[in-house]
Amino acid sequence: MTQMRPSSDIAYLCRALKAPSMARAVDRLAQRARQEEWSHEEFLAACLEREVAARQTNGGELRIKAARFPARKTIEDFDFSFQRSLHRDTLLHLGALDFVAGRDNVVFLGPPGTGKTHLAIGLGIRACQAGHRVAFATATDWVTRLAEAHTAGRLGDELTRLGRIPLLIVDEVGYIPFEAEAANLFFQLVSARYERASVIVTSNKPFSRWGEVFGDPVVAAAMIDRLVHHAEVVSLKGDSYRLKDRDLRRMPTDNTE
Ligand code: ADP
Ligand code: MG
């Protein structure tokens, strides 16, 4: 490195390191460092911090894209005054994501429009931002994917691959009943992840009706057993949020069963 042209050297070196955010920040940070008399170490730390912060943010965005959420919903947007059956503490606790580290599950149950998908996405986005990989799909989509892998003779590989994703979200269990083969594939997915990696499941059907969904009460019971052994089960109640503006005279707390 020549002593003569540090700026262009820095620009070149940042490119070589693939550190564009640091490259952009260096001049401004150097100016502040001179004004505020930072030590060399402080200046270096400030430069590196810029790059690390940018990577963490971008990494979160990349993971959010890769997760294929159907919409962007956050926990902060969730209106607790409308959904009284959910305690804010429960959600804050889940939002701290200990369940991902603990390989536990979360199940959201409740009628349509009560916020199940919203909450599942909100937790998923949190997890992405915290550095976890997440994959979102409906139960039907997961089963289709597994059936394709099964047909191609690589179901085991696919389950192993999915096992490396710390959080899978399975939305809308119960809207469409499963064929026996689909129920079996879904059971394998839940079993493969049991105590190894987390799942968030949403369903409009109470567990007592999962026998109908899976066409087999024994398979359903075995699945529920694995799913809820280490899980937070959140039952949402009330009217559909989608319909809330249709009848403004009705108070949100009315009619919660
Ligand atoms: P579900 O999956 O239970 O059928 P959704 O999560 O899809 O319901 O919610 C339906 C719509 O209403 C979504 O646009 C969601 O963001 C919104 N919604 C539901 N409950 C709430 C709430 N308590 N606060 C804010 N938005 C909500
Ligand atoms: Mg939904």
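## The sheet

Two strands are taken to pair if DSSP finds at least two bridges between them. In this predicted model, five strands form an open sheet whose order is 2-3-4-1-5, and the pairing is parallel. The edges are formed by strand 2 (134–138) and strand 5 (231–235), each of which pairs on one side only. Neighbouring strands of the sheet are turned against each other by 10 degrees on average, if direction is ignored.

## Strand 1 and its partners

Strand 1 (residues 105–109) pairs with strand 5 in the parallel sense over five bridges, and the bridge partner of L109 in strand 5 is S235. Strand 1 is also joined to strand 4 (residues 198–203), with four bridges between strands that run parallel, and here V107 stands opposite V201.

How many of the five residues of strand 1 are buried? Five of the five are, and the strand is described as mostly covered. In a regular strand the side chains alternate between the two faces of the sheet. For strand 1 both faces are covered, with N105, V107 and L109 buried on one side and V106 and F108 buried on the other.

L123 has its place in helix 6, and the residue counts as buried because 26 C-beta neighbours lie inside 10 Å, where 20 or more are required. Leaving aside residues up to four places away in sequence, L123 touches L94, G95, V106 and I200. L123 and I200 are 77 residues apart in sequence, while their C-alpha atoms are 9.0 Å apart in space.

## The surroundings of ligand 1

Ligand 1 is surrounded by 17 residues, of which the closest are D79, G115, T117, H118 and Y241. Helix 6 (residues 116–129) provides the largest share of this shell, with three residues.

## Helix 7 against helix 9

Two packed helices are described by the angle between their axes and the distance between the axes. The axes of helix 7 (residues 139–151) and helix 9 (residues 180–193) come within 9 Å and cross at roughly 95 degrees. Angles of 65 to 115 degrees count as roughly perpendicular, so helix 7 is roughly perpendicular to helix 9.

On the side of helix 7 the contact is made by A139, W142, V143, L146, A147 and H150, and on the side of helix 9 by A182, L185, F186 and L189. The residues of this contact divide into nine nonpolar, one polar and no charged.

## Two loop residues with positive phi

Most residues other than glycine have a negative phi. Phi of R103, however, is near 60 degrees, a positive value in a residue other than glycine. R103 lies in the loop between helix 5 (98–101) and strand 1, and counts as partly exposed because R103 has 16 C-beta neighbours inside 10 Å.

E195, found in the loop between helix 9 and strand 4, likewise has a positive phi, near 60 degrees, without being a glycine. Is E195 buried or exposed? E195 is exposed, because 11 other C-beta atoms lie within 10 Å, and a residue with 12 or fewer is placed in that class.

Conventions: Residues are numbered from 1 along each chain as its sequence is written. Chains are lettered from A and ligands numbered from 1 in the order in which they are written. This is a predicted model: local features need pLDDT of at least 70, side-chain atom pairs count only at pLDDT 80 or more; totals for chains, interfaces and linings use all residues. Axes are lines fitted to C-alpha atoms, for helices over the stretch in contact, and angles run from 0 to 180 degrees between N-to-C directions. A residue is near a molecule or strand if its C-beta atom, placed from the backbone, lies within 6 Å of it. Angles under 35 degrees count as roughly parallel, over 145 as roughly antiparallel, 65 to 115 as roughly perpendicular and the rest as oblique. Two residues are in contact if their C-beta atoms, placed from the backbone, lie within 7 Å. Ala, Val, Leu, Ile, Met, Phe, Trp, Tyr, Cys and Pro count as nonpolar, Asp, Glu, Lys and Arg as charged, and the others, Gly among them, as polar.
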